[in-house]
Amino acid sequence: MRNPLATVALATALVTAALVPALAQNADTPAAGGPVAAKPATLSDDLRPKFVAQAPSDMVSSKLVGLSVTNGANETIGQIADLVLDEKQQVKAWIVGVGGFLGLGAKYVAIDPTAIKVSRGDNDTLKATIDTTKDQLRAAPEYIYLGKEKPKDAQAAEPARKP
């Protein structure tokens, strides 16, 4: 007959031998060849996007494009058509459409951002003013977008070239 005490002692020794290596492992160190516990991906603070809330004094470009530009005599002399940003994402120029009718035949000029003052008027409406005349803007060099050809009406004014 077997000794039940010897069987219990042998079973305890086997269980202890199996558990000791598992208990000796650090929770952060995976067992060699074993599965690795998954951790959520994280970004360091310098890689996180920065979010900005709009302040009441902020102006958004969608409200600036199309805004009439007036001079000191309160004459409308053009309309903001676009904004040019430099490599530092600062406004480099206001593109103002001068002349034309309903956007047709308008000439675009690039104006230094310090020359146009944008402010809030009554009822929080935006107002753009510049210290110049319509004739001075018409005489300014035309702004041509890179990669864009001249409008067809400007090409038709040039004499045809012979091949």
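This report walks through a predicted model of a single chain, from its overall layout to two of its residues.

## Model and confidence

The model is predicted: local features need pLDDT of at least 70, side-chain atom pairs count only at pLDDT 80 or more, and totals for chains, interfaces and linings use all residues. Residues are numbered from 1 along each chain as its sequence is written, and side-chain values use heavy atoms, with hydrogens and water left out.

pLDDT is the predictor's confidence in each residue, from 0 to 100. Its mean over the chain is 77. Of the residues, 61% reach 70 or more. Over residues 155–163, pLDDT stays under 50. For that stretch the model has three contacts beyond four places in sequence; a contact means heavy atoms within 4.5 Å. Where pLDDT is low, the predicted coordinates should not be read in detail.

## Overall layout

The chain has four helices and six strands. Both are DSSP runs, numbered from the N terminus: helices are H or I with at least four residues, strands are E with at least two. From the N terminus on, the order is α-α-β-β-β-β-β-β-α-α.

Buried residues make up 16% of the 163 residues. Buried means under 20% relative accessible area, exposed over 50%, and partly exposed in between (1.4 Å probe, protein chains only). Among contacts with a separation of 6 or more, 38% come from residues 24 or more positions apart.

## The sheet

The six strands form an open sheet in the order β4-β3-β2-β1-β6-β5, with mixed pairing. β4 (107–111) and β5 (116–120) stand at the edges. Each has a single partner strand, so one side of each is left without a neighbour in the sheet. The twist averages 40° from one strand to the next. That angle is taken between N-to-C directions and runs from 0 to 180 degrees; axes are lines fitted to C-alpha atoms, for helices over the stretch in contact.

Two strands pair if DSSP finds at least two bridges between them. β1 (residues 68–70) runs parallel to β6, joined by two bridges. Here V69 stands opposite A128. β1 also pairs with β2, antiparallel, over three bridges. In β2, Q79 is the bridge partner of S68.

## Two hairpins

β1 and β2 form a hairpin with five residues between them. N74 in its turn has a positive phi of about 65°.

β2 and β3 form a hairpin too, also with five residues between the strands. Q89 in that turn has a positive phi of about 65°. One of the bridge pairs is L85 with V91 in β3.

## The nonpolar core

A nonpolar core is a set of buried Ala, Val, Leu, Ile, Met, Phe, Trp, Tyr and Cys residues joined through side-chain atoms within 4.5 Å. The largest has 17 residues, and V96 and I116 have the most contacts inside it. β2 (76–85), β3 (91–98), β4, β5 and β6 each give two or more residues to this core.

T70 lies in strand β1. T70 is buried, with a relative accessible area of 10%. Beyond four places in sequence, T70 touches residues including I77, A128 and I130.

T132 lies in the loop between β6 (126–130) and α3 (134–139). At 14% relative accessibility, T132 counts as buried. Its side chain makes a polar contact with the side chain of Q136 (2.4 Å). A polar contact is a pair of N or O atoms within 3.5 Å; within protein, one must be able to donate a hydrogen and the other to accept it, and residues adjacent in sequence count only if both atoms are side-chain atoms. Not counting residues up to four places away in sequence, T132 touches N71, I77 and L137.
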